[in-house]
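The report below is meant for a reader who is meeting this structure for the first time.

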Amino acid sequence: MNLEIYLPVALLTMASTLMAWRQPRMHPAWHARLLILLIGATALTVLGMLAFVVMIAIGTLTAAKATVMGRVLIGHGQVPAAVAGVVIVLLLIMGGAVIHAVARWHRDLRDAKALGTGVVADERPFAMAVPGRRGGVILSKGLLSMLSRRELEVVLRHEAAHIQYGHHLYLMAGTIATRIFPALIYPYRALCFAIERWADEQAAAAVGDRELTARTIARVALAQPAGEARTFPSLTGSHIARRVEALLGQSPPDNRITGPVLLSGAWMATGSAISPTLTHHASLLLVLL
């Protein structure tokens, strides 16, 4: 089996990790879009590669019965039955992990919507953006009692940005990608940070006070119960200290020109990396069928 089938996965994994590690000087909205593009492309390529290995193994078992199939497969060499078995087990584990993640997502969504929207009678200070038709921003009674009117505006603007820009879709796609390929966990964490920074910047722009936004995030984070994790985007979602530090600095550039250019370039680059492999996989599948 040729090693070239692993090349797209290696290149995309390195690109995702590099984008997460060397965060560019750009608006977090464009950083998040670039990250989810690379993360999604990497996960899809991993799935395609593993499926290709299984296809080769199945094809070589019956190659003697079909000369055309044999000619197609001869360049790839044989896949040992043990390797094919391991790959099949990996695919089953991936499928189970994805199903579990989606099921948990739907369960948490149902529980969150059961709380309603607006103010809920809970003394714990928290705010949460719940997506969907009956979703909205949830504020706890405990949060209302500890913040001023201006600080509450920061919270509402932050959570509204999560809903407006569909940040739950970014998180869901990233979660599924990490279940497929756990090596993407580092880029996924960078994605979570970029999404929260995106909402922070939207809130700061809306209220016109970056220091107030930073102070509000810090206050809510300090009052948050230790170890409490939420499925959906929230004010205290990721890397509080770094977010506060960023808000106390200068506003990031809006990248109205460079952002779309970079995203388009990344789209074409990922397409160039995976399309030859996927096209080859598809042609082999047609032969097998």
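## The strand hairpin

In this predicted model, Ala129 has Val137 in strand S3 as its bridge partner. The two strands concerned are S2 (residues 127-130) and S3 (residues 136-140), which run antiparallel and are joined by four bridges. Together S2 and S3 make a hairpin with five residues between them, and in the turn Gly132 has a positive phi of about 105°.

Which way do the residues of strand S2 point? Ala127 and Ala129 point one way, whereas Met128 and Val130 point the other way, and all of them are buried.

The largest nonpolar core has 35 residues, of which Ala32, Val46, Tyr170 and Leu191 touch the most other members. Two or more residues of this core come from each of helix H1 (7-21), helix H2 (28-61), helix H4 (81-114), H7 and H8. Helix H2 gives the most to this core, with 14 residues. In soluble globular proteins, nonpolar side chains tend to be buried together.

## Aromatic rings and charges over rings

How many aromatic pairs are there? The count comes to two, and the table sets out both.

| Aromatic pair | Centre to centre | Angle between the planes | Arrangement |
|---|---|---|---|
| Tyr165 and Trp198 | 5.1 Å | 40° | tilted |
| Tyr170 and Trp198 | 5.8 Å | 90° | edge-to-face |

Tyr165 lies in the loop between helix H6 (149-164) and helix H7 (167-180), while Trp198 lies in helix H8 (residues 185-207), so this pair ties together parts that are 33 residues apart in sequence. The other pair also links distant parts of the chain, with Tyr170 in helix H7 and Trp198 in helix H8, 28 residues apart. Through these ring pairs, Tyr165, Tyr170 and Trp198 are linked into a cluster.

Tyr165, by contrast, is partly exposed, with a relative accessible area of 27%.

Two arginines are placed over rings. The charged end of Arg242 sits over the ring of Phe193, at 4.0 Å from its centre, and Arg22 lies over the face of Trp21, at 5.7 Å from the ring centre.

## Polar residues inside helices

Ser16 is found in helix H1 and is buried, with a relative accessible area of 0%. A polar atom of the Ser16 side chain lies 2.9 Å from the backbone oxygen of Leu12. Not counting residues up to four places away in sequence, Ser16 touches Leu35, Leu38, Ile39, Thr42, Leu184 and Pro187. One of these, Leu184, is 168 residues away from Ser16 along the chain, yet the C-alpha atoms of the two are separated by 7.7 Å.

Thr45, which lies in helix H2, likewise counts as buried, at 5% relative accessibility. The side chain of Thr45 reaches the backbone oxygen of Ala41 at 2.7 Å.

## An exposed arginine in a loop

Where is Arg256 found? Arg256 belongs to the loop between helix H10 (240-247) and helix H11 (258-288), and at 70% relative accessibility Arg256 counts as exposed. The cut-off behind this label is a relative accessible area over 50%.

The side chain of Arg256 makes a polar contact with the side chain of Asp254, at 3.1 Å. Arg256 and His27 are 229 residues apart in sequence, but their C-alpha atoms are 9.5 Å apart in space.

Conventions: Residues are numbered from 1 along each chain as its sequence is written. This is a predicted model: local features need pLDDT of at least 70, side-chain atom pairs count only at pLDDT 80 or more; totals for chains, interfaces and linings use all residues. Side-chain values use heavy atoms; hydrogens and water are left out. Rings of Phe, Tyr and Trp (its six-membered ring) pair if their centres lie within 6.5 Å; planes under 30 degrees apart count as stacked, over 60 as edge-to-face and the rest as tilted. Buried means under 20% relative accessible area, exposed over 50%, partly exposed in between (1.4 Å probe, protein chains only). A charge sits over a ring if NZ of Lys or CZ of Arg is within 6 Å of the ring centre and within 35 degrees of the ring normal. A polar contact is a pair of N or O atoms within 3.5 Å; within protein, one must be able to donate a hydrogen and the other to accept it, and residues adjacent in sequence count only if both atoms are side-chain atoms. A nonpolar core is a set of buried Ala, Val, Leu, Ile, Met, Phe, Trp, Tyr and Cys residues joined through side-chain atoms within 4.5 Å. Two strands pair if DSSP finds at least two bridges between them. Contact means heavy atoms within 4.5 Å.
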